Amino acid sequence: MADQSSTPAKVEFLATKTVQEQLTEGELLVPPPEYILKDGIPCPNASLELMDVPIIDLGLLIPSSISVEELDKLRSALTTRGCFQVINHGMTLEFLDKAREITKQFFAMPVEEKQKYLRPVDDFEGYGNDMVVSEQETLDWTDRLYLTAYPPDQRKLKLWPENPKSFRDTLDQYTSKLQVITETVLKGMARSLNLEEDCFVNMYGEQRKMDARFNLYPPCSRPDCVLGFKPHSDSSIITIILQDKEVEGLQFMKDDQWFRAPIVPEGLLIVVGDQIEILTNGLVKSPVHKVVINGEKERISVAVFCVPDSETEIEPFESLINESRPRLYKKLKNYVEIYFEHFLQGRRPIEAALI
Ligand code: OGA
Ligand code: NI
């Protein structure tokens with residue numbers, strides 16, 4: 001009989017309030033204890049250096065006008081940082097500002113209105129906070145709205161806000177444009193690594209699944225004691241982040257040091273997820289990142305996760321396995337589920353994929 005001892009015990013999801021709800025109950029001087037970082041986690045430091053995140057012109061990655069220099073720049077971004085910004089992607093600054101605006105407007109609505117879209121206890125999707133499974137867990141200083149946007153037949157429209165009025169339409173347009181951009185990005189990434197052009201797109205799969213996560217990071221009187229998002233790497237193939245135009249907060253780890261992510265208002269930040277690390281046998285690594293909190297200003301962001309179909313088997317490409325780079329990862333499917341189980345156990349999920 002199979003050994004059941006490693007199966008996690010049945011998980012109970014604890015109900016907690018959103019950060020905003022706690023704030024509206026009176027001016028909070030000190031964040032509640034469940035948000036305070038425990039010993040051993042270094043406090044966020046606003047005086048860190050900016051990371052030089054390469055800026056890639058997407059116009060120079062389309063086959064008819066492909067640029068060797070741009071491909072070189074992309075390869076170097078992938079192998080040394082695991083993230084890059086794209087510009088000239090076909091979305092205007094006005095449209096990106098609209099996506100930022102609906103995010104701010106949604107979170108600014110009264111609690112009763114937002115609660116119409118509350119995340120059911122056993123679901124990822126909806127408004128509120130992430131699942132909390134242990135009283136010991138340090139909570140992230142953030143409220144979020146998580147919605148599957150692609151494929152369209154998987155949309156749970158009852159969780160899609162009807163207010164602000166343009167919310168649904170903007171999310172639909174934003175993710176439909178991202179479908180096109182993602183294809184160009186994944187093909188460019190493959191070419192830059194001398195891989196077959198469609199190899200990442202094929203792994204992404206027929207459904208082209210996209211989950212959107214709208215994040216609000218309210219200000220906090222003790223920004224040094226809390227985090228908006230704990231250090232993690234993403235479970236996706238790639239994640240596309242639309243950052244706040246004014247307020248910084250995202251930080252990346254590189255060579256054991258934290259760096260601030262720069263803001264490029266018209267740019268989209270592409271972050272490599274664990275599944276690219278597996279496919280490339282570790283040639284490209286998914287970067288660890290976190291979000292710090294501002295003492296006075298709120299910050300918003302919209303992260304879109306590109307996720308393969310749950311039945312697609314992911315394993316390192318044969319061409320990237322050789323004597324000097326032996327195979328590092330197993331064949332697996334539905335990595336997002338594996339990721340979540342390990343995340344809850346406080347382990348680095350990609351370790352579960354190691355041979
Ligand atoms: C995420 C994430 C960063 C941000 O949602 O996985 O890392 O800036 N977000 O909100
Ligand atoms: Ni992330």
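What share of the 355 residues of the protein chain counts as buried? The share is 52%, where buried means under 20% relative accessible area, exposed means over 50%, and partly exposed lies in between (1.4 Å probe, protein chains only).

The model is predicted: local features need pLDDT of at least 70, side-chain atom pairs count only at pLDDT 80 or more, and totals for chains, interfaces and linings use all residues. Residues are numbered from 1 along each chain as its sequence is written, chains are lettered from A and ligands numbered from 1 in the order in which they are written, and side-chain values use heavy atoms, with hydrogens and water left out.

**Overall fold**

The protein chain has eight helices and 12 strands. Helices (H or I, at least four residues) and strands (E, at least two) are DSSP runs, numbered from the N terminus. Among contacts in the protein chain with a separation of 6 or more, 76% join residues 24 or more positions apart; a contact means heavy atoms within 4.5 Å. The chain exposes about 16600 Å², and carbon and sulfur atoms supply 52% of that area. Accessible areas come from the Shrake-Rupley method with a 1.4 Å probe, and for residues only the protein chains shown count as cover.

**Cavities**

Rolling a probe the size of a water molecule over the atoms shows where empty space is left. The structure holds two cavities of 30 Å³ or more. A cavity is a set of points, on a 1 Å grid over the protein atoms alone, where a 1.4 Å probe fits but cannot get out; lining residues have an atom within 4 Å of a point. Grid points are joined across faces, edges and corners, and a volume is the space filled by probe spheres set on the points.

The largest cavity contains about 120 Å³ of space. Its lining consists of 15 residues, and N215, Y217, F229, I241 and A303 lie nearest the centre. Two or more lining residues come from each of β5 (209-217), β6 (229-232), β7 (238-243), β11 (289-291) and β12 (299-307). Strand β12 gives the most, with four residues. By class, seven lining residues are nonpolar, five polar and three charged. Here Ala, Val, Leu, Ile, Met, Phe, Trp, Tyr, Cys and Pro count as nonpolar, Asp, Glu, Lys and Arg as charged, and the others, Gly among them, as polar.

The second largest cavity has a volume of about 40 Å³. Its lining is made by Q85, R100, I241, L242, Q243, D244, I263, V264, G267, L268 and L269. Strands β7 and β10 (268-272) each give two or more residues to this lining, and β7 supplies the largest share, three residues. The lining of the second largest cavity divides into six nonpolar, three polar and two charged residues.

**Salt bridges**

There are 21 salt bridges in the structure. A salt bridge is a side-chain nitrogen of Lys or Arg within 4 Å of a carboxyl oxygen of Asp or Glu. Three of them are tabulated below.

| Side chains | N to O distance |
|---|---|
| D52 and R81 | 3.1 Å |
| K209 and D211 | 3.5 Å |
| K333 and E311 | 3.0 Å |

The pair D52 and R81 links distant parts of the chain, 29 residues apart. D52 lies in the loop between α1 (19-24) and β1 (55-57), and R81 in the loop between α2 (68-80) and β2 (83-87). D52 counts as exposed, at 53% relative accessibility, whereas R81 is buried, with a relative accessible area of 17%.

Both K209 and D211 are buried.

K333 and E311 both lie in the loop between β12 and α8 (335-344), so the pair ties together parts that are 22 residues apart in sequence. K333 is partly exposed, with a relative accessible area of 38%, and E311 counts as exposed at 56% relative accessibility. Elsewhere, E183, K187, D198 and R208 are joined into one network by salt bridges that share partners.

**Two further residues**

S192 is found in helix α5 (residues 167-192). S192 counts as buried because its relative accessible area is 5%. Leaving out residues up to four places away in sequence, S192 touches L71, L74, R75 and L78.

P120 lies in the loop between α4 (111-114) and β3 (126-128). P120 is partly exposed, with a relative accessible area of 32%. P120 and L159 are 39 residues apart along the chain, and their C-alpha atoms are separated by 9.8 Å.

How values were computed. 1 Å grid on protein atoms, 1.4 Å probe; cavity = no way out; pocket = protein on both sides within 12 Å on 5 of 7 lines; lining within 4 Å.
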